Amino acid sequence: MKNLTALIVDNSSSFANLATAALLEVGLTPENIFTTKRYLGAQEYLAEKKPNLLITEFTVDSKFGLELVAMHSANSADNISIIMTHNNSTSAIAEAAEELVDDYIVKPIQSGVLAGRLLTLIERKINPSEYIKHIRAGKQALFDGHLADAHHKFTAALKHQEKPTLAHYYLGYTKFKAFEYQFANDEYVKGLKLQPLHYRCLTGKFDSYFEQKDFGNAYSVANTIIDNYPIGPKRLGQLFIAAVFSGKLDQVPHFFQLFARLDHKTAELRHVFSAALFTAGRSNLNNKALQKAIECFELGIQVVGADVQYISKIIKVLLREDIQTASQAARFLQQFPSAKIGCKEYENLHFQFNCKTMPLAKILDQGRKMAAQNRMDEESYQMFINILNKENKTVLAEDILAKYQSAYPKQTKKVETI
């Protein structure tokens with residue numbers, strides 16, 4: 001124990017002291033224990049000193065301790081990584097499991113209890129079974145990029161365990177790293193025959209299908225994962241993609257609660273989910289299910305926020321439909337960010353809404369003013385000119401067409417007067 005080195009990353013001095021006391025109790029020496037409150041300091045220490053044991057808070061300087069875990073795990077397959085935090089949410093635990101954290105300790109915890117947990121983890125690392133020895137050797141080969149050697153070691157592990165599910169998982173993962181997705185999936189299936197709900201085999205199976213763009217099977221496996229385990233941001237985003245490309249658009253809104261329960265919602269996840277909801281909404285419009293479409297669009301705004309581009313897309317797709325559908329655009333115009341009301345984009349969307357819902361006199365009045373002030377975008381020009389043509393306003397149509405061609409000389413869509 002004396003030779004083991006440890007890094008504690010925690011912004012609370014009391015908890016750092018508690019963890020230090022626990023490490024001293026299990027036999028580490030004071031000079032081999034380093035503590036820091038800073039993410040950058042932890043990064044530097046991991047890179048330079050490569051400690052055997054990491055205990056880190058879930059969130060450090062607005063960054064995630066799991067990123068430190070990834071760095072630490074990459075240094076050696078024998079390293080021990082522990083997340084210690086107040087955060088006991090299911091999504092946090094799921095993310096920890098994805099990063100192969102050895103233990104997840106929820107604060108508060110007594111020093112003696114922590115020391116016992118640490119001792120069990122350390123002894124398991126120091127005195128592993130033959131099966132775990134082969135698994136670790138294979139993992140180290142994976143870290144070193146020696147896939148053939150890793151495959152040999154994981155295969156050797158099979159005979160040392162009655163139900164070698166983990167060995168099958170790593171054999172699959174080795175094939176996955178070699179882009180041999182079907183062979184990877186075969187190993188995951190073997191593991192799942194031994195343990196039908198084995199988390200890593202299920203997620204490995206999902207990844208194999210996803211990489212092969214077999215989104216139907218990926219979606220099916222994802223539902224098994226969701227039914228039995230919490231799910232983290234990355235995999236939830238992949239689930240949305242699988243749902244869209246497997247034609248399960250009607251299911252997309254039902255995943256909102258999964259999204260809402262996440263503690264950490266990445267920008268990428270927000271983008272993917274809002275795009276999936278928009279696609280589901282548009283599909284519902286095509287199927288004349290207006291209320292379902294509105295629900296999807298509203299959820300999309302909750303996911304991405306009052307984003308001008310997203311709201312504009314919703315309004316434009318509503319305005320392409322019949323008058324009943326177009327009238328629903330008003331509720332989304334009201335959700336425009338207050339700082340953007342009055343801007344050119346808002347003004348044009350409002351004009352296009354009026355073109356679908358207001359009397360001709362109001363359309364003519366607003367259209368003339370906007371054209372005179374050079375406030376029209378290309379789509380508004382086209383819509384206005386088409387209305388003028390339809391209403392036989394030939395002279396005004398020619399005048400607006402001239403302004404349009406002057407404002408957009410390189411336009412690809414031509415609008416001609418009758």
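Two strands are taken to pair if DSSP finds at least two bridges between them, and the strands (E, at least two residues) and helices (H or I, at least four) are DSSP runs numbered from the N terminus. The model is predicted, so local features need pLDDT of at least 70 and side-chain atom pairs count only at pLDDT 80 or more, whereas totals for chains, interfaces and linings use all residues. Residues are numbered from 1 along each chain as its sequence is written, and side-chain values use heavy atoms, with hydrogens and water left out.

**The sheet**

Met84 stands opposite Ile105 in S7, and strand S6 (residues 80-85) is joined to S7 by 4 bridges, the two strands running parallel. Both belong to an open sheet of 5 strands with parallel pairing, in the order S2-S1-S3-S6-S7. Strand S2 (33-36) and strand S7 (103-106) are the edge strands, each pairing on one side only, and from one strand to the next the twist averages 15 degrees. Helix H2 (residues 39-49) packs on this sheet, where it touches strand S1 (6-9) and S2, and its direction makes about 170 degrees with that of S1. Contact here means heavy atoms within 4.5 Å, and angles run from 0 to 180 degrees between N-to-C directions, with axes fitted to C-alpha atoms, for helices over the stretch in contact.

**Helix pairs**

Two packed helices are described by the angle between their axes and the distance between the axes.

| Helix pair | Angle | Axis distance |
|---|---|---|
| H16 (residues 308-319) and H19 (residues 344-357) | about 15 degrees | 10 Å |
| H14 (residues 267-286) and H16 | roughly 10 degrees | within 11 Å |
| H6 (residues 130-143) and H8 | roughly 15 degrees | within 11 Å |

Angles under 35 degrees count as roughly parallel, over 145 as roughly antiparallel, 65 to 115 as roughly perpendicular and the rest as oblique. H16 and H19 are therefore roughly parallel to each other, and their crossing is left-handed, a term used if the near helix is turned anticlockwise from the far one by less than a right angle, with right-handed used if clockwise. On the H16 side the contact is made by Val308, Ser312, Ile315, Lys316 and Leu319, and on the H19 side by Glu345, Leu349, Gln352, Phe353 and Lys356. These residues divide into 5 nonpolar, 2 polar and 3 charged, where Ala, Val, Leu, Ile, Met, Phe, Trp, Tyr, Cys and Pro count as nonpolar, Asp, Glu, Lys and Arg as charged, and the others, Gly among them, as polar.

The axes of H14 and H16 cross at roughly 10 degrees, which makes H14 roughly parallel to H16. Among the residues in this contact are Leu277 and Phe278 of H14 and Ile314 and Val317 of H16, and its residues comprise 7 nonpolar, 1 polar and 2 charged.

**Aromatic pairs**

Rings of Phe, Tyr and Trp (its six-membered ring) pair if their centres lie within 6.5 Å, with planes under 30 degrees apart counted as stacked, over 60 as edge-to-face and the rest as tilted. By this rule the count comes to 26 aromatic pairs. The rings of Tyr169 and Tyr173 have centres 6.1 Å apart and planes at 15 degrees, so this pair is stacked; both residues lie in helix H8 (residues 165-177), 4 residues apart, about one turn of the helix.

**Backbone features**

Most residues other than glycine have a negative phi, and most peptide bonds are trans. Lys107 and Pro108 are joined by a cis peptide bond with omega of about -5 degrees, and Pro108 is placed in the loop between S7 and helix H5 (111-126). Lys50, a residue other than glycine, has a positive phi near 50 degrees and lies in the loop between H2 and strand S3 (53-56).
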